[in-house]
Amino acid sequence: VTFEQFVHSRGAALVRFARLLTGNDDRADDLVQDVLAKVFVKWRRVSASDHPDIYVRKMIVNANISWWRRRSSSEVSVAEPTDRPTGDLAVDVAERDHLWSLVAGLPVRQRAVLVLRYYEDLDDAAIAEIMSISAVTVRTTASRALAALRERYAIQDLAFPGGTR
Amino acid sequence: MNDQLERELLDTFDRRAGAPVDSSTLALVTAERGRRLRTRVYAVRAVSGLVALAVLGAAGVLGVRAVRPGALPAGGPPSSTPGAGDEGPPPGGWKVPGLPIARGVPGAEQSPEKVGTDAGVLHFTVDGMTGSRAVTWSSRAGSESIFDGAWEVTLARTTAPLDALRNWRTAGTGDPYVTGAVPPNKPQPEPDRLTPSSVGGKPATIYSWESPDAGNGTFYLRWQPVAGLWAQVFGSRGVGVPDDAIAVAERVRLDTAYRCASQVRLPHLPDGAKLQQCEVTLAGAELSNLMGDPTRLSHSLLLVGDGPNVIRLDVQHLTSGSGSRTDETEIELGGRKAYKFPNHLDQPVVEVRGLNGLNLVFEGSGAYDYEELEPVAAAVTVTGDGRDPSTWPDRIIG
C-alpha cells in the first residue's frame, strides 16, 4: 500500500475522526494534513506496521493534545450550558447540538476516548494503544467523561424541564 | 450501547462528522507537503552533517579521535522539485503536458459506447486544465476521469460508476483502488438539494448538501452530453460555486481520444491478465526523479489482472518515506536489484528502485503471489523522456 493509496482509502475517515476530536472542521483539516505530511516522510516505517490506520490515528490524537497544551494550560474545560428550544423534532436536533457542546467542553483526553469508543467503535485495547495509556485508564477516563456528561445533561433538564429527553 | 446518553452520543458523533471529505485532494496536498517537509529534513540533516564534520575536523586538529558522521538516510536523495513541491507556480505559470492522441480511435461524441471499455484510452479531454499544478487522467472499467486538483470531470455510460466515484470522493467508501480488507468508513448522506441547470443547452442538475453539518461546500453537476453518455463535474470543497462547475462542463471536448500513457511498459503478464485501470498524473512544472533528471511524470498507477487477481503497479518519481525495512529481502530480477516484502495486509510486494529514475512498486492481491509478481517486475521497462509523454511507449502492455 502506497502513501497515496492509504490516503485515498482512509483520508475521509481520518478527517471525520479529527473533526470530532477538535470540534472544528478547519482545524481538523489542518491537523490531518500536518500529520499526513509527517506520515509521508516515514511512510515505509508506517506501512510496515501491523496497523497503519491505528498508527496514524495515534499521531492525530497526540498532535491534537499537543495543540491544546500549546494553546492554553488554563483553558476552561466545561462548556457553558446554553438555552434549548422546546417542542417537537427541532428539540431533538437542538438536544444533540447541546450534547455536542457538552462533549466539546470535555477535557481533550476524555473527548478522544469517547470518540474512539462510540464513533470509531474500537475496543478498550485498541483505544489504549492509540492513546498510549492502559486499558484500565481507558475505562476510567470513559466513565468519568460519561459521568460528567450525565451530570451536566441532568442539570440542563432541571433548568429546562420542558425538554423532551 | 448501554443507555440513552450513549445512543445520543453515537447519533451526535455521526451527524457532526458526516460532511463530505475530498480524499483525492487530501492525498495530493499531503504528498506535496510531505515532500517539502522531507526536503527540509534532509537539508537540516545535511547542514548538521557539515557542522559535525567541521567540528570533528577541528577536533582532529586538536587531536581528538574523530567519529564518522551519519550518512543521509536511505530512500533517495532530497527532493529538488521545482514547481510541484513548491508553494507557487514557476515563472510563466503551470503548464501540464497533454497525453498523446490515440490515433484511429474515435472520441466519445462519435462512439459513446466505447467510454469505459479500454483502460488504456480516454475518449475526451477538458480544455483549460493544463494551467494547473498537476492533472490526473484515469481510465477504468465503466468510467474515465480527468482531475486537476480542484475539478474532476468523469464520463460513464451509466450513472452507477458516477455514484461510486462520488461516494469514494466524499466518504472514502467503495474505493476503486484498494484491494484487501480495510476498516469500513461511515456512510455518506445523499445530497439533499437538486438544482436544475444546463450545459451547452442540455439539461443538467447540480447536486449539493444543504444541511449545515453535511454541506461543507461540496457539490457536483451531472448532464448527458450525448445520448447514452453521462458526465459529471465534481467540485472539491472550497474550489468555487456551481456556476464554476458549469463553466468547467462547457470546456469538455468529446471529439478526440487520448492514450493513457506512462513511461512504463509491461511486456510480460500472468496468463489471462490484461490492463484493468490506468492512471497518470503529470505535473505543471518540472520535477526531479530519483536520478535528479527532470520529469513531468509525478505518479502513475496501473492495475493489471484477471478478475479478482490483480497486480497493482505504482510508478513514482520519488519514494514516499525513508529508511529501510527490516522485513525486506534483496533479490535479483532481470539483472537488476529488487526487494520483496509483505505489506500490512500480508500481500506480496516487489519493489524496483531507481529504474531510469523511477520507483516501481508491484503489489499482488487475489491469487497473485511473488511467483506471479517477479516475472512481471523482471521484464518491466522504463523508456522515453520524462518531460515529454509523446516519447513514452505507445502501449503499456506487451
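## Chain A: contacts and surface

A contact means heavy atoms within 4.5 Å. In chain A of this predicted model, residues 24 or more positions apart account for 66% of the contacts with a separation of 6 or more. Of its 165 residues, 55% count as buried, that is, under 20% relative accessible area, with exposed set at over 50% and partly exposed in between (1.4 Å probe, protein chains only).

Chain A has eight helices and zero strands. Helices (H or I, at least four residues) and strands (E, at least two) are DSSP runs, numbered from the N terminus.

## Basis of the model

Residues are numbered from 1 along each chain as its sequence is written, while chains are lettered from A and ligands numbered from 1 in the order in which they are written. The model is predicted, local features need pLDDT of at least 70, side-chain atom pairs count only at pLDDT 80 or more, and totals for chains, interfaces and linings use all residues; side-chain values use heavy atoms, with hydrogens and water left out.

## Aromatic pairs and charges over rings

Rings of Phe, Tyr and Trp (its six-membered ring) pair if their centres lie within 6.5 Å; planes under 30 degrees apart count as stacked, over 60 as edge-to-face and the rest as tilted. Over all chains the count comes to seven aromatic pairs. Y220(B) and F234(B) are stacked, at 6.2 Å centre to centre and 5° between the planes. Y220(B) lies in strand β9 (residues 219-223) and F234(B) in strand β10 (residues 230-235) of chain B, so the pair ties together parts 14 residues apart in sequence. Y220(B) is buried at 1% relative accessibility, and F234(B) is buried at 1%.

In chain A, one aromatic cluster is formed by F3(A), F6(A), F40(A) and W43(A). A charge sits over a ring if NZ of Lys or CZ of Arg is within 6 Å of the ring centre and within 35 degrees of the ring normal. The charged end of R57(A) sits over the ring of F17(A), 5.2 Å from its centre; that of K340(B) sits over the ring of Y370(B), 4.6 Å from its centre.

## A sheet in chain B

Chain B holds an open sheet of three strands in the order β1-β12-β2, with antiparallel pairing. Its edge strands, each pairing on one side only, are β1 (101-106) and β2 (121-122). Two strands pair if DSSP finds at least two bridges between them. β1(B) and β12 (residues 256-259) of chain B pair in the antiparallel sense over two bridges. The bridge partner of I101(B) in β12(B) is Y258(B).
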